[in-house]
Amino acid sequence: MKALRYILPLIVLVAIMSGCGKEPDDDDGTKNDRGWVYNPQAYTVEIPRNFPPATFPASNPLTTQGVQLGRMLFYDPILSGDSTLACAGCHKQENAFSDNRILSLGIDGLQGKRHAMPLFNLVYSSRFFWDGRATDLAEQALIPVEDPLEMHAYWPENIIKLQAHKDYPKFFYEAFGVEPEDITKEHAGKALAQFMFTLVSGRSKFDEAVTGFGELTDQERRGLELFISQDGADCFHCHGTPNGNQVFQELSPSLQFRNNGLDSFATAVEYVDKGLGEATGIVTDFGKFKVPSLRNLAFTAPYMHDGRFATLEEVVDFYSTGVHQTANIDAGGMEFAFQGGVQLTPQEKLDLIAFLMTLTDNEFVTDPRFSDPFK
Ligand code: HEC
Ligand code: HEC
């Protein structure tokens, strides 16, 4: 009788705990000596209907636990040398994960040489940075941490900080099944990449129009027409065509690096920032940069790899009359460089900008799934 008194509450307790999923049996995951559970749940990224199918790397399957860990690491300044700057310090949600500085600013008050890139639809990218020097997002994510002009930290020290943290060891176990002493920078990189892969932006007015849920105004339609016509603004050669379900260059697997005539150099070696050439060492690549997405421009000013244009008006003026015949210019794409650009009328410039603004995804910059998890 006495024994039953103890057993009954115990059964009730076990029932309650398994009901909450806190104490899964062996089929529900692996539990370690600390009582942490490794039972990752597959995470499905919603791909907009008008986007091509997305292939996520098999080497880093997305899980709810991995994405959540990556989101924390992305927003946590713990990864920087003096614990003051997170990835999110330069990649701000309100700026579509870019920032509004001309050139980025690192923890030591040192300026980088390039403008922070916006982050979205990265699953369609195969080369990262303005110069394409990284090919794997999980490896890319490790680079800014040790860059002396950015987070200026040292991975072995970061791993020690993470291992000693009150929460992270458990989260690494839940995401990857690793014991604290086995946490590596590769795990952190994979988690960061998982979070960044979830940053899909495809809910703009333009997306609604192509999927039949809305309409462009006459002015926006005129801008689109200019964008895709050779004798108009001629933008599509490099930035792509909204054709069928292939929408724009950034969603095309053959990511391109080009020179759009921003500068005026007689020979390629004169480029101060050699762009793609810095990654490849090939002289014909000097001065070529990743063709950026034109989505969310409303949030990502200033523009170009060096942030030289403060407004879209300046960008469009450049393509209209400011193009330079320069070494390694993309002769096919910038076919009107001989006359300084495509020569748009003031009305055409307004129409083109009106069209570009239809690529604004307001939900993306306020989506709570992508926001700071510590707030
Ligand atoms: C000091 C500001 C700064 C910080 C902090 C920073 N970045 Fe960046 N990020 C940049 C700049 C600048 C670029 C472009 C660099 C280049 O082209 O050389 C960039 C580029 C990228 C890209 C390439 C995007 C593309 O389309 O190719 C990714 C991805 C990225 N950063 C992720 C991260 C992650 C993850 C962290 C944190 C671990 C981080 N960044 C921290 C400024 C920063
Ligand atoms: C020859 C290829 C080419 C053509 C044609 C072209 N672009 Fe670009 N565009 C690029 C490249 C490359 C960059 C990045 C250049 C850099 O930063 O050095 C760029 C950058 C931009 C940016 C800045 C985006 C950002 O995030 O900083 C905007 C906006 C833009 N282009 C709009 C247009 C418009 C509008 C047209 C048509 C009038 C056009 N482009 C035609 C290749 C091209």
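Contact here means heavy atoms within 4.5 Å. Keep that cut-off in mind for the exercises below, which work through a predicted model.

**Exercise 1. Find which residues arginine 258 touches, beyond those up to four places away in sequence, and decide whether arginine 258 is buried or exposed.**

Solution. 
- Step 1: Locate the residue. Arginine 258 sits in strand β5, which covers residues 257-258.
- Step 2: Apply the contact cut-off. Leaving out residues up to four places away in sequence, arginine 258 touches His237, Cys238, Gly287, Lys288, Phe289, Val291 and Asp330.
- Step 3: Look for a polar pair. The side chains of arginine 258 and aspartate 330 are joined by a polar contact of 3.0 Å.
- Step 4: Check the accessibility. Arginine 258 has 18% relative accessibility, and because buried means under 20%, arginine 258 counts as buried.

**Exercise 2. Work out which residues coordinate the iron atom of ligand 2, and what geometry the site has.**

Solution. 
- Step 1: Start with the surroundings. Ligand 2 is surrounded by 23 residues, and the closest are Cys235, Cys238, His239, His305 and Tyr319.
- Step 2: Pick out the protein donors. His239 through NE2 and Tyr319 through OH coordinate the iron atom, at 2.0 to 2.1 Å.
- Step 3: Histidine 239 belongs to helix α11 (residues 236-239) and tyrosine 319 to helix α14 (residues 312-322); they are 80 residues apart, so the pair links distant parts of the chain.
- Step 4: Turn to the angles. Ideal values for six octahedral donors are 90 or 180 degrees. The six donor atoms at this iron atom make angles of 86 to 179 degrees, and the site is octahedral.
- Step 5: Compare the accessibilities. Histidine 239, at 12%, counts as buried, whereas tyrosine 319, at 23%, counts as partly exposed.

**Exercise 3. List the polar neighbours of ligand 2 at asparagine 260, methionine 304 and histidine 305.**

Solution. 
- Step 1: Take the side chain. An N or O atom in the side chain of asparagine 260 is 3.5 Å from a nitrogen atom of ligand 2.
- Step 2: Take the backbone. A polar backbone atom of methionine 304 is 2.7 Å from an oxygen atom of ligand 2, and one of histidine 305 is 2.6 Å from an oxygen atom of ligand 2.

**Exercise 4. Determine how many residues of helix α7 are buried, and what they pack against.**

Solution. 
- Step 1: Count. Seven of the nine residues in α7 (residues 168-176) are buried. Among them are Tyr168, Phe172 and Phe176.
- Step 2: Find the partners. These buried residues pack against β1, β2, α2, α6 and α8.
- Step 3: Look just past the helix. Glycine 177 takes a positive phi of about 70 degrees.

Note on methods
Residues numbered from 1 in each chain as written. Chains lettered and ligands numbered in written order. Heavy atoms only, no water. Donors = N, O, S within 2.8 Å, 3.2 Å for Na, K, Ca; no water. Tetrahedral: all angles 85-135°; square planar, octahedral: opposite > 155°, others 65-115°. Helix = DSSP H or I, 4+ residues; strand = E, 2+ residues; numbered from the N terminus. Buried < 20%, exposed > 50% of the residue type's maximum accessible area, 1.4 Å probe, protein only. Polar contact = N/O pair within 3.5 Å; in protein donor to acceptor, adjacent residues only side chain to side chain. Near = heavy atom within 4 Å.
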